[in-house]
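Student: I would like to learn how to read helix packing and pockets in a structure. Could we work through an example?

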Amino acid sequence: MVATGRQLVLFQAAIELLVSTQITTPNLIADREAKLLARYAMHSSESAGRVHPEIEHLMRGPFQRDRDRVLHSSAFRRLSGKTQVFTGQGDYHRTRLTHTMEVASIARTIGRSLRLNEDLIEALALLHDIGHPPFGHAGEEALDEMLKHDGGFSHNKFALTLVEELEQRYPTFPGLNLTAEVLGGQKRRVDKQQSDGQHSPLLEVQVVDLADSITYNAHDVDDAVELGWLRIDELLELPIMAKCHESVLQKFGKLEGDVLRRALVHELVNLQVAHLIYESQQTLIELETLSAREVCETGVRLEIAGPLAEHKAGLQKFLYARLYRHADLVRARREAQAKIKVLVEILEENEQELPEMFRSRCSTHGTRVSVVECIASMTDNTFLETYQRFAG
């Protein structure tokens, strides 16, 4: 519905009233979060802020703004053209973008149940894979090899380069100027082994990591069965899938084909999410009076534990052996990696062909690093078009 002139006038008057009565955004956001969030959640009022100070937005809190900045970035939009696992196998299978949206959805479900900050969770989830190059982990491995003498390549690290340097969307600062909490969560992903003594990440950061694991297990099963690379009967030999099948039988009776596949995938997600929420609630009962920072100091870790953790590990082992090492997938990975390496070398010898953004970085970051950043920013199709132009 298009707003009338009178509606726009009334809306502007309401905004002016908020300002004139000094009802500011921080107060509105803080009051809302105090009612909805647990004490151990990361409250906006406790944020460490941004590198470049900004005036708070009238209607959106800092983590909402971070979410929107990631959502509207060029790098985020390009995820729609980047491989998750399967390349060139049709329109059904996940891209890096649809994977990201599924992670955000599952993470928000977990976060809401635990009374955590959903805005922060969503910002972290939308950011988590933004640095992936074309052709998924195969592309990452190739670029890492090409930079073995220059610090290597990591999609997690490149995500920080994108949001701190390469995304130029504002006139007064480089990058997206995200909050310390969102940047800190992504920095944790750069090296998951890093430790601050006994400190643990924010609970919101942990939830996104767990949702990522739950998501890719489920959608890889879904995509692989739909593609015909895995069969349901062999999956049902795994304890975790057998349990899911038992639940499906109890709810719907005997199902077959695509209907069974979808029901099993739904149960696989539901089983893990329900377990994680229950176990986390038990863990957090004793921490209800602590702030987000104080909880980090306890070193608490949210996790899928017990027999389900073992069964989940069994599924991951099965997928690695039967899916990720599938001959067709291995062949596609090798072909993509060979092309990436060739294009890196060609563009390194022809840096004048780089877009201005990356050409200008050659003198400060090195030509090869700049070439790798350029390629990492491409979608699968843009890469193939560029490869055809220079090496085809």
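This is a predicted model: local features need pLDDT of at least 70, side-chain atom pairs count only at pLDDT 80 or more; totals for chains, interfaces and linings use all residues.

Student: How are two packed helices described?

Tutor: Two packed helices are described by the angle between their axes and by the distance between those axes. Here, helix 10 (residues 203-227) packs with helix 13 (residues 257-284) at an angle of about 165 degrees, and their axes are 9 Å apart. Angles over 145 degrees count as roughly antiparallel, so helix 10 is roughly antiparallel to helix 13. The crossing of helix 10 past helix 13 is right-handed.

Student: Which residues of helix 10 and helix 13 make the contact?

Tutor: On helix 10 they include Leu210, Ile214, Ala218 and Val221, and on helix 13 they include Val265, Leu268, Val269 and Leu276. Sorted by class, the contact of helix 10 with helix 13 has 12 nonpolar, 2 polar and 3 charged residues.

Student: And how is empty space found?

Tutor: A probe the size of a water molecule, rolled over the atoms, shows where empty space is left. In this model the largest pocket holds about 1,300 Å³ of space. Its lining has 44 residues, and Arg189, Lys192, Asp212, Ser213 and Tyr216 lie nearest the centre of the pocket.

Student: Which element gives the largest share of the lining of the largest pocket?

Tutor: Helix 10 does, with 9 residues. Other elements that give two or more residues to this lining include helix 5 (96-113), helix 9 (180-190) and helix 16 (327-349).

Student: What classes of residue make up the lining of the largest pocket?

Tutor: The lining has 15 nonpolar, 14 polar and 15 charged residues.

Technical notes
Residues are numbered from 1 along each chain as its sequence is written. Side-chain values use heavy atoms; hydrogens and water are left out. Axes are lines fitted to C-alpha atoms, for helices over the stretch in contact, and angles run from 0 to 180 degrees between N-to-C directions. Helices (H or I, at least four residues) and strands (E, at least two) are DSSP runs, numbered from the N terminus. Angles under 35 degrees count as roughly parallel, over 145 as roughly antiparallel, 65 to 115 as roughly perpendicular and the rest as oblique. A crossing is left-handed if the near helix is turned anticlockwise from the far one by less than a right angle, and right-handed if clockwise. Contact means heavy atoms within 4.5 Å. Ala, Val, Leu, Ile, Met, Phe, Trp, Tyr, Cys and Pro count as nonpolar, Asp, Glu, Lys and Arg as charged, and the others, Gly among them, as polar. On a 1 Å grid over the protein atoms alone, a cavity is a set of points where a 1.4 Å probe fits but cannot get out, and a pocket is an open set with protein on both sides within 12 Å along at least five of seven lines; lining residues have an atom within 4 Å of a point. Grid points are joined across faces, edges and corners, and a volume is the space filled by probe spheres set on the points.
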